[in-house]
Amino acid sequence: MKFQLKVSVASKGVAEGEALVCKKPFTFRDVNPTTGIVDTPGHELIGSKVTEKIMICPYSNGVSTEEFTMYALKKAGLLPKAIINGRNTFYISIAGAILAGIPMVYGLAPACLSLIQNGDCVKVDADQGIVEVSRV
Amino acid sequence: MVHLNNQEERMLNGERGSAVQKAMELLVRMGEANDAQRMVDVTNAHILSVEIADIFFEVTYGMLANAKVKIPTTTNAITINSVERARQMGIPKDIIDAQWPGICRLKELHNRASMIPAYTCHPHSLKDLKMGEYVAFTEFNVVPLANAWFGVRTNLHGQTDTLASAITGKAPECGLHLTENRWGKVLIEVDKEFGIEDIDSAFYGALGYWAGQVCVDRIPVFVGLPKNMTCRAAEYLGVGPLVRGSVGMFHVLGVTPEAPTLEAAFGSRRPEEKFVFGKKELKMVYDELNTATKPEIDMVCLGCPHCSLQELIAIAQLIDGKKVSKNVRLWIATGEINYMLAERMGVITCIEKAGGFVNSNICAGTFFLLRFTDSLGVKVVANNGLTLCGLVPRGTRDKVGVHFGSLEQCVNAAITGRWEEK
């Protein structure tokens, strides 16, 4: 199965990888910067590694140092390959994605966003504003 | 598509140097990502400088190179003010050694770029803010207070785009710059069951936190708060919607400048939702924020955000003639000007005689508690600030228990070594 979604672009670039879906708003504060693994107790993704994944969440939230956490993860080679948000609410995460040089897209209604599932192969083309999802 | 005027085009074309060009490129990209139509002139900026100094230096230098800021730009609190002081506070040598060189480089960079080395998370009093003007601020408590209390217009900016605004004097017009995005969406009524004696700094923090939970990304309009509430109270109130939600703006009916009437606060629209904040809700917030399971405390942090002069005076009055428990560290942080005034008033001597540490320029403790709890040996911390309270449990992965309450409760806990419920 294969489908395409049209998205708005927050940070340009192209990336392809495996989907990691977070149903709640996501912040990189919950990721251990030395392992790339979500380790906040009670977090729905606890134990998951964000590295090299295509991170999918309703929107990014976080703290004012979100940008630096993303940059630190980038320096450690632990960042996800791209970020897909349902809606675009957190200014700093956009700045963080641009700073870290990874694609970030948004503009998917909850029903569209929920079409993407954990493990799907996702190609984010943030130059054209297209997300391509394929599932075996 | 962001429309640029001639001046902005010239910046983008590199006529004002490569740093300005790079900055304008970023602002245009941020503008595109936020559907901005044009750039606005920003008159003032505030940037971060805390956390891992090396990374801050790298990012800041990457943005600034040798450029100077075009508009007054203040800097947020740092982690260590002097090596000697850090040693006195009991910060382990390896942390000082790791942090200090980066801080020195960062400070040098700030000076070279002609920034105002304020090193405070309450920079508003150093700024000449005029209602309606555009500014570019970072930091959780700085942004909501600027928008709500002073009526200036800023989004919750990141470091790089704030730096870009600082060296160009521009920001893409979007979000909270636009009047229609500043109107309230949710009405929150403070229950009349609360008496004036119930409403202290912790109450404002708890109310804000709860509002963040129910509003998420919608602007709250608070009704029923005392008309004589202070700027400091508004600061505590404004942090919550950001710690718990993602809103950098709020209104207090009859108090904040954009909410003289409900009609003005809601832009003549009906609230999407209405809530009442009563004793049940207050208890719920206190239960959630008080994660410590035992009353014995190791540390009290006050000044997150930086203490006002009035708070320093209040702490001194509470602690005068008493001693901080030998098992407890009492760390108090404030801005340099408040520190100097408090020193002249004898307030600093009074607090330090009792065994507390009053520090200017540095972060009250959030940074150390987030990163170095093990080295400091802190297991339970008491505080009256929501930023620290909201972040510590998340950042320290259950290593530190938190007690959250009023300034009085915190100072008493520092003296007795035990947290007492109200």
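1. Chain B contains 18 helices and 13 strands. The model under discussion is predicted, and the remarks below should be read accordingly. Buried residues account for 54% of the 422 residues of chain B. Of the contacts in chain B with a separation of 6 or more, 80% are between residues 24 or more positions apart.

2. On overall dimensions, the C-alpha trace of chain B spans about 65 × 55 × 40 Å along its principal axes. The radius of gyration of chain B is 21 Å, which agrees with the value near 22 Å that a compact globule of 422 residues would have.

3. The domain assignment divides chain B into domain 1 (6-179), domain 2 (183-287) and domain 3 (290-416). Between domain 2 of chain B and domain 3 of chain B, the C-alpha centres are 25 Å apart. Their contact draws 15 residues from domain 2 of chain B and 11 residues from domain 3 of chain B. On the domain 2 side, helix H8 (201-215), helix H9 (231-243) and helix H11 (279-289) of chain B supply at least two residues each. H9(B) provides the largest share of that side, with 6 residues. By class, the side of domain 2 of chain B that touches domain 3 of chain B comprises 6 nonpolar, 4 polar and 5 charged residues.

4. Just after H5(B), B:Ser114 adopts a positive phi of about 65 degrees.

5. The C-alpha atom of B:Asn5 is separated by 42 Å from that of B:Ile188, a residue 183 positions away along the chain.

6. Chain A has 3 helices and 8 strands. Read from the N terminus, its elements follow the order β-β-β-β-α-β-α-β-α-β-β. Of its 136 residues, 54% count as buried. Where contacts in chain A join residues at least 6 apart in sequence, 75% of them link residues at least 24 apart.

7. The C-alpha trace of chain A spans about 35 × 25 × 25 Å along its principal axes. A compact globule of 136 residues would have a radius of gyration near 14 Å, and the 13 Å of chain A agrees with this.

8. The last point concerns the interface between the two chains. Here 27 residues of chain B are in contact with 26 residues of chain A. On the chain B side, the elements giving two or more residues are helix H2 (18-33), helix H3 (53-64), helix H7 (159-168) and helix H17 (386-395). H2(B) gives the most to this side, with 4 residues. In composition, the side of chain B that touches chain A divides into 10 nonpolar, 9 polar and 8 charged residues.

Terms used:
Residues are numbered from 1 along each chain as its sequence is written. Chains are lettered from A and ligands numbered from 1 in the order in which they are written. This is a predicted model: local features need pLDDT of at least 70, side-chain atom pairs count only at pLDDT 80 or more; totals for chains, interfaces and linings use all residues. Two residues are in contact if their C-beta atoms, placed from the backbone, lie within 7 Å. Ala, Val, Leu, Ile, Met, Phe, Trp, Tyr, Cys and Pro count as nonpolar, Asp, Glu, Lys and Arg as charged, and the others, Gly among them, as polar. The radius of gyration is taken over C-alpha atoms; the globule rule is 2.2 Å times the number of residues to the power 0.38. A residue is buried if 20 or more other C-beta atoms lie within 10 Å of its own, exposed if 12 or fewer, and partly exposed in between; C-beta atoms are placed from the backbone. Domain bounds come from an automatic or database domain assignment.
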